[in-house]
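I opened this entry to look up how the parts of the structure meet. My notes follow in the order I took them.

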Amino acid sequence: MSTIQERDTFNAFHEYWDLENERQSETLQGMTLAVKDNIVTKTGTTTCGSKMLEGYKSPFNATVIDRLEDAGVVLVGKTNCDEFAMGSSTEHCAWGPVLNPWDRTRVPGGSSGGSAAAVAARLCQGALGSDTGGSIRQPAAFCGVVGYKPTYGLVSRYGLVAFASSLDQIGTFTTTVQDAANLVEIMAGFDELDSTCREEPAPALSKNLHDSIEGLRIGIPSQYTGSQNDPAINAAITSAINTYRELGATIIEIDLPLTEVGISTYYVLAPAECSSNLARYDGIRYGHRTDKPCKDLFELYSNTRAEGFGTEVKRRIMLGTYVLSSGYYDAYYNNALKTRRLICQEYHIAFEQCDVILGPTTPSVAFKIGEKADPLSMYLCDIYTANTNIAGICGISIPCGFSEAEGKQLPIGLHLQGSWYDDARLLRAAQMFQTATDFHTKVPECAQ
Amino acid sequence: MNTSLTTEEVRHIAKLSRLALTDGEIEKAKEDLSTIFEHISRLSELDTNGVEPLDHPTELQNRTRDDTVGEVLSQKQVLANAPAAKDVYFDVPKVLGGDT
């Protein structure tokens, strides 16, 4: 059998490990798992797809890495991502763009594009990602795999290189909901090294996963369907709703009027937290340092950061710096925090009416490399996923159909969102769909 | 809300951000940031009067741990990733005399 490195013709990986132990297994013991390059590992390097951290070797493992290794999972390497997890296409990676295994002229989505492509091309059985505004679910949709973002606080963030700490969450890419449940069950649970981690014991996720939910109530927000979506996506969602109806679920129309303003809220909050978190890259203790002669500390910082960061990261640091600066703090940052509470309230009301919320993960299928050169058009990709993180609830994207373009089959993602710490029910609802359909068993030509 | 930025404003933001940008990068940033601010200024159309800001989804209060020494990194480990280190110190250029 050829190695992962030989089969990775998508630039999915930045580093390949442990090739002699590479093996496939039906159980968790020996399951092959790739790690997004913004989760620290003592093995190899952790670069966050940035020149700033080229060659950085972490002296410690992220909590999730220790827990997975203890459970016998085989880690196979680090996957490429948008620099510091900022992006929706994995084009903004210092080590080159990742290609979509379904069509190499298209992006895999982002920021966890390498992890999504690796699982889609069956280079490994699963992969870890991080999701701040859709960075697991959107690439999962574009690559036709399962992408699961647990409720905020369920899985320790210790060792996840911080982008926006109140939004970031580690999650998984797998081909089945079962594998997602198995992996997150191991990773979840209190960790004293993450002060935002939930203290209550983690819920059992894999137990009873295959028992269908009697009287499942599915909420369909009117804001999630319409002409902003590709027609093929609306058709796939209608068909998914029918599948659930046939399985006995009750379909309820709900209203989430703050869906659109979520993007504005997100692009204030995430850059604000990013500008603060990325202040640590100063060229003193680790990471890149400029070779240019500097007359003072200010020049040392400014040159180091200008050389080490890419365009998108610089843009977000500047956005965040501006919205936090005196005179603009109230109009932007504080106002976004108020909107954040309104978005949470909107979900609270919705989850009184329904158990899960259903819609498309993305308004379009995978786009062409270079197609979204304008940053705002890239940001709008997160329209259906950003509010999940703003509220801190759980969400999952599962394959639900295909759209044909230029003779290629492009996957479509079904997005289910669940209430706070209601992950077990979210996964059971997702499993009901996978039991009744076979979209998740389709693989791109390169993996056949 | 006027959302277009001037070149001087962008220079100021770059300075606060500790980013030494070229003139070309400043102009490009001006264009991109103005477009983005135009979009995100839609926030002000929403009535948020009397709404309490929410800075974190968990609304956790400070969580403290016992004040006991746990496992710590060795000095060697801490210095291993430094761009420059000398003996047991981070090696940095002379910084006194500057205005920052």
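**Contacts between parts**

I began inside chain A, in this predicted model. There, 34 residues of domain 1 of chain A are in contact with 23 residues of domain 2 of chain A. I then asked which elements give two or more residues to the domain 1 side. They are helix 10 (329-353), helix 11 (375-379) and helix 12 (386-391) of chain A. Helix 10 of chain A gives the largest share of that side, with four residues.

Next I checked the domain bounds. Domain 1 of chain A covers 4-259 + 336-447, and domain 2 of chain A covers 262-322. Taken over C-alpha atoms, the centres of the two domains are 27 Å apart.

Then I turned to the two chains. How many residues of chain B are in contact with chain A? I found 45, and they meet 54 residues of chain A. On the chain B side, helix 1 (7-16) and helix 2 (23-40) of chain B each supply at least two residues. Helix 2 of chain B provides the largest share, seven residues. The chain B residues on this side divide into 26 nonpolar, eleven polar and eight charged.

Last, I looked up the confidence. Chain B has a mean pLDDT of 90. In chain B, 95% of residues reach 70 or more. For the model, I noted ipTM 0.93 and pTM 0.96.

Terms used
Residues are numbered from 1 along each chain as its sequence is written. Chains are lettered from A and ligands numbered from 1 in the order in which they are written. This is a predicted model: local features need pLDDT of at least 70, side-chain atom pairs count only at pLDDT 80 or more; totals for chains, interfaces and linings use all residues. pLDDT is the predictor's confidence in each residue, from 0 to 100. Two residues are in contact if their C-beta atoms, placed from the backbone, lie within 7 Å. Ala, Val, Leu, Ile, Met, Phe, Trp, Tyr, Cys and Pro count as nonpolar, Asp, Glu, Lys and Arg as charged, and the others, Gly among them, as polar. Domain bounds come from an automatic or database domain assignment.
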